[in-house]
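Try each task before reading its solution.

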Amino acid sequence: MSKLCPCCSEKDYDECCGPYIAGKADPPTALALMRSRYTAFTQADIDYIEKTRHPQSEHEFDKASTADWAKGSKWLGFELIGTEAGDADDEGGSVEFIARYTVDGKKQDHHEMALFQKYEGKWYFMDGDFVKGETYRRDTPKTGRNEPCPCGSGKKFKKCCGK
């Protein structure tokens with residue numbers, strides 16, 4: 001019975017991330033590795049997550065807390081924002097993505113720029129940086145609920161345009 005791959009590629013799992021996670025093939029690109037790592041998180045396959053980390057990665061890997069997080073999350077989808085390099089002929093690359101999930105009923109968006117590097121001919125995850133959203137700046141001061149409405153009606157903001 002076929003099923004769609006959790007990485008949102010719209011491909012069958014057995015033709016997408018399945019062979020990588022099962023150890024039958026190595027991801028040929030940084031993007032393929034990123035998609036398979038997302039899929040491994042959806043399955044709480046922490047051994048695959050650990051195995052695909054670069055051997056010289058500087059960050060500690062807490063297997064137990066990663067497993068708790070993966071198992072305690074309901075995975076909603078993977079959105080590719082963009083890639084830079086990371087093809088089969090490259091030695092390094094990056095993948096910007098958003099992984100969507102819920103924890104304790106709260107929806108989360110994990111927006112990251114993930115860095116990948118080849119080591120002994122295979123792609124590995126090196127590190128990731130959170131991508132912060134743009135800061136919103138108002139052009140005018142915020143109108144308080146009990147202040148006069150800026151439209152000039154003479155009413156309080158909460159009874160006029162603030163409804």
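**Exercise 1.** Locate Asp14 and decide whether Asp14 is buried or exposed.

*Solution.* Start with the position: Asp14 lies in the segment before α1. Keep in mind that this model is predicted. Next, take the accessibility. Asp14 has a relative accessibility of 52%. The cut-off for exposed is over 50%, so Asp14 counts as exposed. Last, look for a partner across the sequence. Ser2 and Asp14 are twelve residues apart in the chain. Their C-alpha atoms are 7.5 Å apart in space.

**Exercise 2.** Find how many disulfides the model has, using Cys8 as a test case.

*Solution.* A disulfide needs two cysteine sulfur atoms within 2.5 Å. Take the sulfur of Cys8. The closest cysteine sulfur belongs to Cys7, at 6.7 Å. Now check the surroundings of Cys8. Its relative accessible area is 40%, so Cys8 is partly exposed.

**Exercise 3.** Describe the largest nonpolar core and name the residues that touch the most other members.

*Solution.* First, the size: this core holds 29 residues. Met34 and Phe116 touch the most other members. Second, the sources. Helices α1, α2, α3 and α4 each give at least two residues, and so do strands β1, β2, β3 and β4. The largest share is seven residues, from α2. Third, follow Phe116. Leaving out residues up to four places away in sequence, its contacts include Ala30, Leu33, Met34 and Arg37. Trp123, Tyr124, Phe125 and Met126 are also among them. As general background, nonpolar side chains tend to be buried together in soluble globular proteins.

Key: Residues numbered from 1 in each chain as written. Predicted model: local features only at pLDDT ≥ 70, side-chain atom pairs only at ≥ 80, totals over all residues. Heavy atoms only, no water. Buried < 20%, exposed > 50% of the residue type's maximum accessible area, 1.4 Å probe, protein only. Core = buried A, V, L, I, M, F, W, Y, C linked by side-chain atoms within 4.5 Å. Helix = DSSP H or I, 4+ residues; strand = E, 2+ residues; numbered from the N terminus. Contact = heavy atoms within 4.5 Å.
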